[in-house]
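Subject: Structure for you to look over

Hello,

Here is the structure I said I would pass on. My notes on it follow below.

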Amino acid sequence: MSSNNDLKQSATADLTPKAQITFHGKTYNLPRQPTVVVCIDGFDPSYLEQGIADGLLPTLRGFMEHGFHATADAAMPTFTNPNNVSIITGVPTAVHGIAGNYFLDRATGDEVMVVDDSLLRGSTILAEMAAGPGGVRVAAVTAKDKLRRILGHGLAEGDGSICWSSQCASEEILAWLGKEGDDGAVAAPPSQYSAELSLLVLDAGVKILEERRGDLLYLTLSDWVQHKHAPGSPVANEFMSAIDARLGRMVDLGAVVAVTGDHGMNDKCDEGGRPNILFVQDELENKFGPGCARVICPITDPFVKHHGALGSFVRVHVSEARGADIKDMVKFCKGFAEVDMILPKEEAARVFEMPEDREGDFVIVSNKNAVVGSKATEHDLSSLEGHRLRSHGGLSEQKVPLLMSKPAQSSEDIATKRWRNFDIFDLILNYGQ
């Protein structure tokens, strides 16, 4: 895996017009010009719509008017890990195997946080490009270090790849980006709970393009702002405007740029600002007895302060002793107003294209304005610090924008195509070169 601090330069790739790779049954053209894919974490369409209406996003407005724009579906569940991995593999989670930020290992009974590539099945578009014909120089820069360890899967030392996170950026990287304090000393990495964590990723993308260090860039951000600040709020406006300016700079540097999100975002509170929460394990244990089931919240990751590990999707693992009660548990949970959908294991895997061997006995998806959790004692809401709870994970957060700086060149009727966010490399490499 490429080092988190790798800034090495390599020779320019031999990007011949017809050079291609084939991966997961799909053919991808090699980039013929600097090519940038950006995942704006929590990029609900409302941020784009509001920013355009307020005149804050001239670059993205230009993409919509003169390039390509569609509304795409994210992979389910609509969380960070599943969708980033789907984006860099071009396939749903059933293929690559990572269907959450957190899961129950059925073999050991342990609850596991996904913070590296050990669960990833197969390779990635990034790794195949780096190892394939022409020697494409890949740069993968992420806000969250947990993703850096996944994005770097298959990227080798010495192949010219760059792979690091702004969360754990070294002094060398920060100095390279000119991040110095008033006293001339190199600044520390941004707080993981800040807009700057994401903007540093985009600044790195600009710098890589300026210095011609990469041919294919994947830049993925953090959703700290979107969890705490609704579209049109001052902080959200400032953040989206800053993103837009950096995207514009990338285009000015000669890059073709495509942008999508890993999931949307919705307000999860009542009119009085109180979070609408269904604590599923508490309810099940009150009805069926202690220890009857374990409820896993796949949103759980090292960044929980802004959402309290509460999202719109949970997996319910029923104890072996209560296996006969699964149908009754499903029927019971359907009675709660917060619930949008409940599916048993096999159907959930099929409908949502998830790996069946890593599923719970059934899954629960909440409605647009509610979240589902495990037990009240396992969720710390004090960290919301007076902000309304905003979160994601369900079908109501599946829609995300998909944009490109150039029109899509194709003989197909792409206007009627069902676009997925993980089609973005297909879009930019096969329709945008």
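This is a predicted model: local features need pLDDT of at least 70, side-chain atom pairs count only at pLDDT 80 or more; totals for chains, interfaces and linings use all residues.

Gly-393 sits in the loop between strand S18 (390-391) and strand S19 (399-404). Its relative accessibility is 0%, so Gly-393 counts as buried. The C-alpha atom of Gly-393 is separated by 8.4 Å from that of Gly-264, and these two residues are 129 residues apart along the chain.

The peptide bond from Met-76 to Pro-77 is cis, with omega near -5°. Pro-77 belongs to the loop between strand S4 (68-73) and helix H3 (80-89).

Two other loop residues have a positive phi without being glycine:

- His-24 has phi near 50°. It lies in the loop between strand S1 (20-23) and strand S2 (26-29), and its relative accessibility of 36% makes it partly exposed.
- Glu-353 has phi near 55°. It is placed in the loop between helix H13 (345-351) and S16, and at 30% relative accessibility it counts as partly exposed.

Next, the helices. Which residues of helix H12 (residues 326-333) are buried? They are Met-329, Val-330 and Cys-333. These residues lie on the same side of H12, because they cover an arc of only 100° around the axis. An α-helix has 3.6 residues a turn, so residues three or four places apart point the same way. The cover over the buried residues of H12 includes helix H11 (280-288), strand S14 (313-318), strand S15 (339-344) and strand S16 (362-366). On the face of H12 turned away from the buried side are the exposed residues Lys-327 and Lys-331.

Helix H14 (residues 424-431) is largely enclosed by the rest of the structure, because 7 of its 8 residues are buried. The buried residues of H14 are Ile-424, Phe-425, Asp-426, Leu-427, Ile-428, Leu-429 and Tyr-431.

Ser-123 is in the loop between strand S6 (111-113) and helix H5 (125-131). With a relative accessible area of 15%, Ser-123 is buried, the cut-off being under 20%. Its side chain makes a polar contact with the side chain of Glu-128, at 2.7 Å. Apart from neighbours within four places in sequence, Ser-123 is in contact with Phe-23, Thr-89, Glu-128 and His-153.

Rolling a probe the size of a water molecule over the atoms shows where empty space is left. How many cavities of 30 Å³ or more does the model have? The count comes to 3. About 80 Å³ of space lies in the largest cavity. Its lining is made up of Gly-97, Ile-98, Ala-99, Gly-100, Phe-103, Val-114, Leu-119, Arg-315 and Arg-358. By class, that lining has 5 nonpolar, 2 polar and 2 charged residues.

Regards

How values were computed. Residues are numbered from 1 along each chain as its sequence is written. Side-chain values use heavy atoms; hydrogens and water are left out. On a 1 Å grid over the protein atoms alone, a cavity is a set of points where a 1.4 Å probe fits but cannot get out, and a pocket is an open set with protein on both sides within 12 Å along at least five of seven lines; lining residues have an atom within 4 Å of a point. Grid points are joined across faces, edges and corners, and a volume is the space filled by probe spheres set on the points. Ala, Val, Leu, Ile, Met, Phe, Trp, Tyr, Cys and Pro count as nonpolar, Asp, Glu, Lys and Arg as charged, and the others, Gly among them, as polar. Buried means under 20% relative accessible area, exposed over 50%, partly exposed in between (1.4 Å probe, protein chains only). Helices (H or I, at least four residues) and strands (E, at least two) are DSSP runs, numbered from the N terminus. The arc is that of the directions from the helix axis to the C-beta atoms. Contact means heavy atoms within 4.5 Å. A polar contact is a pair of N or O atoms within 3.5 Å; within protein, one must be able to donate a hydrogen and the other to accept it, and residues adjacent in sequence count only if both atoms are side-chain atoms.
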